[in-house]
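Please read them with the coordinates open.

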Amino acid sequence: MRVAENLNAALHTALENDPGLHLLGEDVLDPYGGAFGVTRGLSTRFPDRVLTTPISENAVTGVAAGLALAGDAAVVEIMFGDFATLAFDQLVNFAAKSVSMYGSRVPMRMVVRCPVGGGRGYGPTHSQSPQKHFIGVPHLALYEVSPFRDNAEVFAEMLAREEPCVLFEDKVLYTRAMDEVEPPFTLERDGGVARVGLTDEPDCVIVAGGGVAHRVLRAMRDLLLEEEIVCTLLVPSRLYPVELDLPPARHVFVVEEGTAGGTWGAEVAHVVHRRHWRQLAGPVTLIHSADSVIPTAPHLEREVLVGASAVRRVIRETLRG
Amino acid sequence: MTATAPEQEHAPPLEEPADEDLSLMLAIRAFELKLLELFGQGMLNGTTHTCLGQEYIPVALRPLLRPDDHVFSNHRGHGHYLARFEDPEGLLAEIMGRRGAVCGGVGGSQHIRRDRFLSTGVQGESLPVACGVALHLKRAEPGALACVHIGDGTFGEGGVYEALNLAALWRLPLLVVVENNGIAQTTPTSAAMAGTVAGRAAAFGIAHAFTDEVDLAVIRRRLAPGIAAVRQGRPLVVEFATHRLGPHSKGDDTRPAEVVERAREADWYRRYAAACPDPFARLDAAARTYIDEVARDVAGREPS
C-alpha cells in the first residue's frame, strides 16, 4: 500500500469511527479528491461532513476550531503546507490558546493537514517544509507522516490529544510504499517511533522526520557498504513536543528538509543534549537544506534541498574526520 | 462612514424601560466606571477596554437571544458578559486575578469563556470560529444561532470577509453585531473604511439592519424579525451606530473635545435620565452601591 492510500484509508476510518468529525478543504470533493488525491471517496461516502471550501485558509481553520469548540472535530486540508501561514492566527492565537487560556481545559479536536516539501519542481511558495515555524506553541502538537506508521493510528492519537495538531505530509512520500525497508536493515516500532537499523549498538543515531526517511536510508546503505559505518535511524511520528529515547551512541544526527535557521533539529538537539550529553562524543549534528528559497529548476532545487549525498558526506566527515 | 448622531431635538421620547433593563445598563455603566477608578489607583494589571456608551447594545439584544445561542465577544466585552450572566463579581475577579475569577485569571478582560459565551482579543478572529459553531448548530441544534460582536475597525481584517462569504454560502445561523462607534482606537472610521458596513454586507447578499436608536423597545422591535430569520439560516449584519464615550483603553483618547461632547449628548445614560428621572435616579444609586460593594469584596480576596 502506498502512503497516499494509507492516508486515505486512515481518513475513511476516522470519519467512520467519529460521527462528529468533519473534513474541510479546497477541492476535496470527488471525483478530484484533493490536489494529491488523499481525500478521494470521502465526499461520496460522507457527503454531509466533507465540505469543499473557498480559498480561505484562515476562515476554514477558524471553522474547524468552531466545530471543535462546539464538541465536534475537524480535519482541515491545506492544499500546500506553505499556505498554512494564512491560518497561523487561527491556529496559534485561537485554537491552541483556547485549550488553556480560559482557565480550564477546553478540548480542541482538530488536525490541520499540510502537504509539504520539494523535489517536485513546484517552486519557492509550493515546496517548503514549514514545520519549524510551528514549533514551541503551547498546546500545538506537530506530527509528520512516516512511511513506517499506519496513519489510522496517527489520526486516532492526534484526535485523542484534544488539542490542535498539524500533520505534515511530505509530498514525495505519497507514491512510496508503506513499511518498506530493504535488507540488511530491519524495522521495529516503539509506539510512535520507528527504528530502522542493524544492531543495538550502532556507530551513530540519525533522527529524521518521515519525509526524508528514504534519503537517509540510501545514505545509511552507502555508509555501511563503503565505510562500514553502522547507523540506526529513528523516525518519530510526533515532531513536537519532542520525546525521544535514544539507543546508546556517541554520535547523533538530525536530518530534515527544512532550510537552515531555527530548525526542528535544533529543538531535537536541545532535548538530546539535556538527556544524553554524557554519552556523546560531540554535539548533535544538524543536517538540513540550505539557507535559501527553494528554486524551481531541478538542478537548482537539488543544490538547495537536503539529499542522500549530503547526509552521507556529513556523517562520514563527522565520524571519520 | 461616520456614526450618525441622533437628532436629539427631533428624537421621539424614549419608551419607559423595564426596571430590570435599566438596572442592567446602569450596572454595566457603574462597573466600567469602577474599572477606570481601580485602574487609576493602580489596582488593575495590564490595560482595560471599557464599553462606556455602548452598554445598551447587549441589553437590547438580551431578550432576542436564547440560552442555547452562542455569543462571541471581543476586546470591549464587559457589557456583553454582564448582559448574559449578570455576574460582576466573576468578571471583576477575572480582571483583578482574584478568587472567583471566571477563567482563573488566565484570560483577563478580553479572553473569557463561560458556557456558550466566549471572547477573544484578536480582531476578526472570532467570526470564522462562530461560523464553525453555527455550522454545528445548524445541524445539531437547529434554531440556535451564533452571535458575534465586532466593531467598525474589525472590518479591516480579511477574516471578516472570508467568514461572511462562508456564512452566506452555507446559510449559517450567524448574527453579526457591528458596534460602529466611529473610531478604532484613535483612527476615525472615515480614515479606515472605504464604503459602508451596509455595502459590505450587500456584497455577500447578507441582510443588513441599521439602528442609531438607544431606545431598547424600538431596537428590539426593529431587530426581532431579522434575528428570527437568522435562526432559519439567513445570516444578518446588525449595525448599531453608537458612541464610545471613553478612550480606547487608557489615556489614548485623541478626539477633539467637541466630538467627545457630541458623544456625551447622545449617550443613552443622559437620555434615559431625562426620560424617566424617577426610576433612573433610584436604580442608578442602587447600581453604584452594588458595584461598590462587589469591588470592595473582590479587591479584598486572595489571588486566583
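**Notes on the predicted model**

1. Helix α3 (residues 57-69) of chain A meets α6(B) with axes that come within 8 Å and cross at roughly 65°. The crossing of α3(A) past α6(B) is right-handed.

2. Which residues make this contact between α3(A) and α6(B)? From α3(A) they are A:N58, A:A59, A:G62 and A:V63, and from α6(B) they are B:G158, B:G159, B:E162, B:A163 and B:L166. By class, the contact of α3(A) with α6(B) has four nonpolar residues, four polar and one charged.

3. The interface between the chains involves 23 residues of chain B and 22 residues of chain A. On the side of chain B that touches chain A, the elements giving two or more residues are α5 (126-140) and α6 (158-169) of chain B. The largest share of that side, eight residues, is from α5(B). The side of chain B that touches chain A comprises 11 nonpolar, nine polar and three charged residues.

4. Within chain A, α3(A) also packs against helix α4 (residues 88-98) of chain A, where the axes come within 9 Å and cross at roughly 10°. Angles under 35 degrees count as roughly parallel, so α3(A) is roughly parallel to α4(A). On the α3(A) side the contact uses A:N58, A:T61, A:G62, A:A65 and A:L69. The α4(A) side supplies A:D89, A:Q90, A:L91, A:F94, A:A95 and A:S98. Five nonpolar residues, five polar and one charged make up the contact of α3(A) with α4(A). A:N58 and A:G62 are listed in the contact with α6(B) and again in the contact with α4(A).

5. Chain A is divided into domain 1 (3-173) and domain 2 (186-320). The C-alpha centres of domain 1 of chain A and domain 2 of chain A are 26 Å apart. Their contact takes 25 residues from domain 1 of chain A and 27 residues from domain 2 of chain A. Strand β5 (residues 141-144) of chain A gives the largest share of the domain 1 side, four residues. That side of domain 1 of chain A has 11 nonpolar, 10 polar and four charged residues.

6. Chain A has an open sheet of six strands in the order β7-β8-β10-β9-β12-β13, with mixed pairing. From one strand to the next the twist averages 20°. Strand β9 (residues 204-208) of chain A runs parallel to strand β12 (residues 251-259) of chain A, and five bridges join them. In β12(A), A:H251 stands opposite A:C204.

7. Two helices of chain A can be described against this sheet. Helix α6 (residues 213-227) of chain A lies across β8 (193-197), β9, β10 (231-236) and β12 of chain A, and runs at about 170° to β10(A). Helix α7 (residues 264-276) of chain A packs on the sheet and touches β9, β12 and β13 of chain A, with a direction at about 155° to that of β12(A).

8. In chain B, seven strands form an open sheet of mixed pairing, in the order β2-β3-β1-β4-β5-β9-β8. At the edges are β2 (113-114) and β8 (207-211) of chain B; each has a single partner strand, so one side of each is left without a neighbour in the sheet. Strand β1 (residues 70-73) of chain B pairs with strand β4 (residues 146-151) of chain B in the parallel sense over three bridges. B:V148 in β4(B) is the bridge partner of B:F72.

9. Helix α3 (residues 78-85) of chain B lies across β1, β2, β3 (117-119) and β4 of chain B, at about 155° to β1(B). Helix α8 (residues 216-230) of chain B packs on the sheet, where it touches β5 (174-180), β8 and β9 (236-241) of chain B; its direction makes about 165° with that of β8(B).

10. Some backbone details in chain A deserve a look. A cis peptide bond joins A:P183 and A:P184, with omega about 10°, and A:P184 is in the loop between β6 (165-170) and β7 of chain A. The peptide bond from A:Y240 to A:P241 is also cis, with omega near -5°; A:P241 is in the loop between β11 (238-240) and β12 of chain A. A:D27 is not a glycine, yet has a positive phi of about 60°. A:D27 is placed in the loop between β1 (21-25) and α2 (42-45) of chain A.

Technical notes. Residues are numbered from 1 along each chain as its sequence is written. Chains are lettered from A and ligands numbered from 1 in the order in which they are written. This is a predicted model: local features need pLDDT of at least 70, side-chain atom pairs count only at pLDDT 80 or more; totals for chains, interfaces and linings use all residues. Two residues are in contact if their C-beta atoms, placed from the backbone, lie within 7 Å. Ala, Val, Leu, Ile, Met, Phe, Trp, Tyr, Cys and Pro count as nonpolar, Asp, Glu, Lys and Arg as charged, and the others, Gly among them, as polar. Domain bounds come from an automatic or database domain assignment. Axes are lines fitted to C-alpha atoms, for helices over the stretch in contact, and angles run from 0 to 180 degrees between N-to-C directions. A crossing is left-handed if the near helix is turned anticlockwise from the far one by less than a right angle, and right-handed if clockwise. Two strands pair if DSSP finds at least two bridges between them. Angles under 35 degrees count as roughly parallel, over 145 as roughly antiparallel, 65 to 115 as roughly perpendicular and the rest as oblique.
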